[in-house]
Structures are given as C-alpha cells and as structure tokens.
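Hi,

Here's the structure I promised to pass on. Have a look at it first, then read my notes below.

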Amino acid sequence: MAGDTPRRTTVADVAKLAGVSAMTVSNVLNAPHRVAPQTVRTVRAAIDKLGYIPNHAARALSSGRSQVIGLPLYFDDETDGDPDGEPENLRLGGFLHGLLGGFVTAAAVSGYGVHVTTPTDGATEIALYDKLIAARQVDAIVVLETMPHDERIEFLSRRRFPFVAFGRTAAEHRQCWVDVDNEASMAAIAAHLRSTGRERAVYLGTDSPLPWVHQRYDGFVREFPATVARSFGSLEAVATYVEDAEPPDVFVADNDAFAVVAMRTLQRRGITVGRDVAVTGFNDFPFASMLDTPLTTARIPLHSIAKCLFERALHEIAAAPDEPGRLVTAPLIVRASA
C-alpha cells in the first residue's frame, strides 16, 4: 500500500544475498575472527549492498552487553613551558585521527559504538577504567602505548576485564595486542639506504623509555652497523646538533618531526637533501609528502592496525582462547629525500 513504511532489512536478507547462514552473518558482526576472511568480505559486501544496519539496542538487550568499546585517552599537560601551547601528545592529531577513524569504522561495520573519553580533575587512567567497568558502559577497553610492565594491563588482568593493547603485553598476560613491527620496518629503511650506496649514518633517536624507540634503533643498526647514535629530548636539540655536525651520508630519524628539522637545518647550511645528504623518518605524517623535498619514511598503517585491534577486542569479549599478538609492518615510502 502506498505510504507504507519500507520493511527493515534483516540478518536473514543479508544471509540470503551472501549465500551463508544467519549464524555466519552474526559471527561476522560479533566475532569475525571465527569466520574465514573471504566469507567476512562476502558478508560485509552484502551488508553494504543492502544497507543493513544492526539493531544495536536489541543486540545489547539480548546479550547483556553494551555493544560499546572504550577507548580512553590520557593527555598530559606538558606544554614545553608555553602557557598558550598545546600538550605535547595533543599535537599527534594526525596519528590519533587515523587510528580513531579506523577503529570507529571497523566497529560500525559490526554494530559497535566507541566510547572515547579521558580522565578529568587529576584522575588517573586506571581510575577511569574502574569507573567504566563499574558502570558497565563498555564491553572492552583499548589500551594505547603499553609499556613492558604496564600498571594498566596489570589492573585489567586482575579484574579479568576484556582489553586489547596497542603495544605488546608482558609474557605473563594475555597476548591480546597489536603492534608495529618497528624492528623489521626500520631494517627495511637501512637496507634501502645501503642499496643506494650510503655508508655512514647518524641516527637521531628520541630520548624516551617507550619500547618503540629501542625497537626502531635495534632494527636499523642490525642492518647498518656504521651508525653513530644520538638521543634528543626536543626538536631544538636536534636542530643544534645537525647545525654543528659533520654531515654523514644520511641522517636517520626515528620520527618524521626529527627528520624535518634535520632537513631544514641542512638546507640552511646550503646542503642539498637527497643529493649531498639523505634524510629518512618514520610514521609518514601528512606533511611528509608535501615538503619541498618529500620525505622518505615508513608509513604506519593506522587503519589496518585499528581493524586488527577491533577484531582482537571482539575475540577478548567472546572469551576465546588466547592467541599470539600481531605485528604489522610499516611499509617503506621512498621519496626524494633518500
């Protein structure tokens, strides 16, 4: 009859189009790790074609779950002494935007929401976890930038609450993590530089205890032994060093910001980057390809990492047996700087 409300697309409709059972569609939505990758792609294609939207409220009611994953972000107040400056990790907008965008997209396909929040009034990140768990607001929590003996992982493990980590967990905990294969990715940069005839490197490293700092350094020197290493706590310190240093064949930075500072300093000295001295970075932030001399760097595949994090979160929510963590390679992007 004219004016009737169109019938809502159902799981059965998706199953029929995809040629699978309704249970398989449910598994693709709720536990894709249980389904063959090709089947996941087929079902998701059917979902997209039919415009199927999972009934979030009904699924939450029947399962006793919130159908929401928590992603707490803890921003410090360090502003490098500038009262009008932004906290240092707020400047990682491109990185966080890529990771969050990928995670929200992966969650939406499976009918999940993402609760992004941050501690306030001096509260700790663990206090925020406790609040989220007590209120039953989320089914799992994403932990970012994990450390070898991370108190956040210790807390969630004691509470037996599902979590997934961006960064490796200690051996005594569930290996529910996804991480960049920093060693292999930086080794690929070293191999590229050797293939272009570069023989002497100065490594511009970050002065930090974060695991990725050491992983990247170890990967580079394994493939490029003729390396002088320096650590820096600020961009200004990098500029000062490069201004006074005898230029090597290549400056290798463990992040794009250090690389850009090195490039600009060399250019002020009248040294042609890419011809006289090569420069490489790591991360492939958006500005890397837009420089006068585009930067050779390793691209962290944030959307792929986010998808892996979400799928592993579903694995943990389902209380599935523990599996090894997953390393994701950052592919080398060769540009004019090296």
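Let's start with helix H9 (residues 211-223): its 13 residues reach 19 Å from first C-alpha to last, close to the 18 Å expected at 1.5 Å a residue. That expected span is 1.5 Å times one less than the number of residues. Helices (H or I, at least four residues) and strands (E, at least two) are DSSP runs, numbered from the N terminus.

Bear in mind that this is a predicted model: local features need pLDDT of at least 70, side-chain atom pairs count only at pLDDT 80 or more, and totals for chains, interfaces and linings use all residues. Residues are numbered from 1 along each chain as its sequence is written, and side-chain values use heavy atoms, with hydrogens and water left out.

Which residues of H9 are buried? They are Val213, Gln215, Arg216, Gly219 and Phe220, where buried means under 20% relative accessible area (1.4 Å probe, protein chains only). These buried residues pack against E5, helix H8 (182-195) and strands E6 (201-206), E7 (227-232) and E8 (250-253); contact means heavy atoms within 4.5 Å.

E5 also belongs to an open sheet of 6 strands, in the order E2-E1-E3-E4-E5-E11, with parallel pairing. Two strands pair if DSSP finds at least two bridges between them. At the edges sit E2 (113-117) and E11 (326-328), each pairing on one side only. E5 (residues 177-180) is joined to E11 by 3 bridges, and valine 178 stands opposite arginine 326 in E11.

Cheers

Note on methods. Buried means under 20% relative accessible area, exposed over 50%, partly exposed in between (1.4 Å probe, protein chains only).
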